[in-house]
Amino acid sequence: MTDTPLLSVRDLSVSIRLGGGSRMPILTDMAFDLDAGDTLGVVGESGSGKSLLALSIMGLLPGVAEASGTIALAGENLLDASEERLCSIRGDRIGMIFQEPMTALNPAMTIGDQIAEGLVWHRGLFWRDARAKAVDLLDQVKMPDARRRAGTYPHEMSGGQRQRVGIAIALALKPALLIADEPTTALDVTVQAEVLDILDDLAREYGMALLLVSHDLGVIARMCRRMLVMYAGRRMEDGETRDVLTGPRNPYTRGLIAAVPKRISDGGRLATIRGRVPGFDQLPPGCVFSNRCPDVIDACHAGEPGWTSSADGRGVRCIRAEEEEKQ
Amino acid sequence: MNTTPLLDIRALSRDYVSHSLFGAPHHTRALDEVSLTVDAGEIFGVVGESGCGKSTLARLAMALDSPTAGHVIFDGDDLFSLPPRELMRRRENFQMVFQDPFGSLDPRQKVGRIVAEPLHVLARKPGRAEIKERVADMLESVGLKAEHAERHPHEFSGGQRQRIAIARALITEPKLVVADEAVSALDLSVQAQVLNLLMDLRERRGVTFLFITHNLAVVDCIADRVGVMYRGRLVETGPAHAVFEQPLHPYTKVLADAEPSIERFGRPQPSESAPPPAPFAETGGCAFRDRCPLAIARCVAERPELRTIAPGRQAACHRAEDMAARPVSAD
């Protein structure tokens, strides 16, 4: 552990401007650190704000969103940075891989040029050299017949191949931080396994920090040393992946793990979390999970529990976990 | 098992023809002589990756498409030799739930009308009051409320919409429901609720399910028997637990090993991961041989047919006996 982590998010709140001057908070009190070369998995269901978190680090929030707090990359607060400065950071220092390899690529540009583009803009390479580098990168993401493939267009490829191109683009500038938002969700399991292995190999080789956003606990278990569980724009629990998945402290994390489909004995049923993920305008008072929580007590409705960090590198947001900590 | 199966699929094949502007039309065999049976009251899972023909199988089992060859025998009737009017009459006995709960419900109709729609094909169309009552009953039995009939689909979440789609499929009291990736688009906590609902419906109403998915864990959870498909062919069938515990086809093992699990931390051993898929060579032999860790010369020369390896278990692999002799994996 170095003194300053590569990425340090503190008190990050993001809200959306609504008509009539009101604002709807989406992300509330987000905070985490990510060291150089480390891996962090962010897990949550749809509507938990995990993609918005990824976008806010990239500085790609939509115009109606407003962020406060700090997102410090190697000490520099990205929320204060000018658009010009962000442009030079994006791609160069932070790379991003998107979920939909179909829509994330430019259909009218060869994949070689899409990979080379960043090298030309950020590194000042000549197109000729950048294109040669692009072929190397395609080789590294194990694209068969890379030289010929560099001259083809995205529509000529399968989903897994497109996602490899997405990885090659993100890796071209060897960013210190790689953000992958559901990078393998659209892929078949065997292709997913290959893409995850490529991502893992290259992140290790380049010493990149990886922030992996996923709804799939299995993918997080495979790829990430630490994990962060999100619900309704809040962090509910974090810690080392193995610790969190084998000994969850927040009832939401427990519910998620229990709901993972698995073999059950005859006549048995899967554990479920009652109700559904509430919209951001329908959050219950007090703890945001209180209306679905199986362990709810009166105090949960009184006020939102704070974040409790413990000495073993874990943190949790739950009144009852706080009590256990005191005992 | 001496009773006749509810659904008997026999040597079903489907070719898709793509016409190019120049040159001869190109035939793609999406489904290649698939045979399987589903008993009444059973949940039969079909797993495979995209392009393996599992959705084509679903469409044919529902008689939404005609096969190039083969038969679908539902409850004793060959669906494709029935006159159209007769086939339409039979449709009340088999219904379908689609993957996308956003695309499969008409946004302009109220939920009550959406759910009631299949009733209009019944030979004896129920009266208005009866329809209303049946819709209300059905909504309640899938965990919604009777008054939801007055709302529009956009007012519901993904999980609730999938319940509406299930209610619509069940309103004619079908014997068979084909669910094509019915829970794939749902969040984890909601997915578990819908899976439990399907198990409840099987128990309470005796509905038979042909459950199609790419997710092995989901099949392992709800299916009694499973069929694994690869490139249009059924490569393995058997009781779900046995198939995943001791696969008899190397592809099943590759699939099971690639599936992320919350009990496996970090990267699996390199031996577990699959070799990359090679371009499809249209020459005899086993379609999986280029990715197969156990491939031998015979796999190139001779296409393995689905055969019984152990009681209740079939596999289309020349080396299934060697697979059976392997020790059961730890997980």
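How many bridges join β9(B) to strand β10 of chain B, and do they run parallel or antiparallel? In this predicted model, β9(B) and β10 (residues 233-239) of chain B are joined by six bridges and run antiparallel. Within this pair, V226(B) has G238(B) of β10(B) opposite. The hairpin that the two strands form has two residues between them, and R231(B) takes a positive phi near 45 degrees there.

**Strand β9 of chain B**

Is β9(B) mostly covered or mostly open? Strand β9(B), residues 225-230, is mostly covered, with six of its six residues buried. In a regular strand the side chains alternate between the two faces of the sheet. On one side of β9(B) lie R225(B), G227(B) and M229(B), and on the other V226(B), V228(B) and Y230(B); these are all buried, and both faces are covered.

| Strand pair | Bridges | Direction |
|---|---|---|
| β9(B) and β10(B) | six | antiparallel |
| β10(A) and β12(A) | two | antiparallel |

**The sheet of chain A**

In chain A, eight strands form an open sheet with mixed pairing, in the order β6-β7-β8-β3-β9-β10-β12-β11. Its edge strands are β6 (94-97) and β11 (308-309), each of which pairs on one side only. Further in, strand β10 (residues 234-240) of chain A is joined to strand β12 (residues 315-316) of chain A by two bridges. One bridge sets E237(A) against V316(A) of β12(A).

Strand β8 (residues 209-214) of chain A contains V213(A). V213(A) counts as buried because 25 other C-beta atoms lie within 10 Å, and the cut-off for a buried residue is 20 or more. Apart from neighbours within four places in sequence, V213(A) is in contact with V42(A), K50(A), S51(A), A54(A), A180(A), D181(A) and E182(A). D188(A) is 25 residues from V213(A) along the chain, and their C-alpha atoms are separated by 18 Å.

**Where the chains meet**

The contact between the chains involves 36 residues of chain A and 33 residues of chain B. On the side of chain A that touches chain B, the elements giving two or more residues are α8, α9 (217-223), α10 (241-246) and α11 (251-259) of chain A. Of these, α8(A) gives the most, with seven residues. By class, that side of chain A has 16 nonpolar, eight polar and 12 charged residues.

Helix α8(A), residues 189-206, packs with helix α9(B), residues 250-258, at an angle of about 50 degrees, with the axes 8 Å apart. The two helices are therefore oblique to each other. Their crossing is left-handed. From α8(A), V189(A), T190(A), Q192(A) and A193(A) meet V254(B), L255(B) and A258(B) of α9(B). This contact has five nonpolar, two polar and no charged residues.

Helix α9(B) is largely enclosed by the rest of the structure, because nine of its nine residues are buried. The cover over these residues includes α8 of chain A, together with α7 (216-222), β9, β10, α8 (240-245) and α11 (320-325) of chain B.

Methods:
Residues are numbered from 1 along each chain as its sequence is written. Chains are lettered from A and ligands numbered from 1 in the order in which they are written. This is a predicted model: local features need pLDDT of at least 70, side-chain atom pairs count only at pLDDT 80 or more; totals for chains, interfaces and linings use all residues. Axes are lines fitted to C-alpha atoms, for helices over the stretch in contact, and angles run from 0 to 180 degrees between N-to-C directions. Helices (H or I, at least four residues) and strands (E, at least two) are DSSP runs, numbered from the N terminus. Angles under 35 degrees count as roughly parallel, over 145 as roughly antiparallel, 65 to 115 as roughly perpendicular and the rest as oblique. A crossing is left-handed if the near helix is turned anticlockwise from the far one by less than a right angle, and right-handed if clockwise. Two residues are in contact if their C-beta atoms, placed from the backbone, lie within 7 Å. Ala, Val, Leu, Ile, Met, Phe, Trp, Tyr, Cys and Pro count as nonpolar, Asp, Glu, Lys and Arg as charged, and the others, Gly among them, as polar. A residue is buried if 20 or more other C-beta atoms lie within 10 Å of its own, exposed if 12 or fewer, and partly exposed in between; C-beta atoms are placed from the backbone. Two strands pair if DSSP finds at least two bridges between them.
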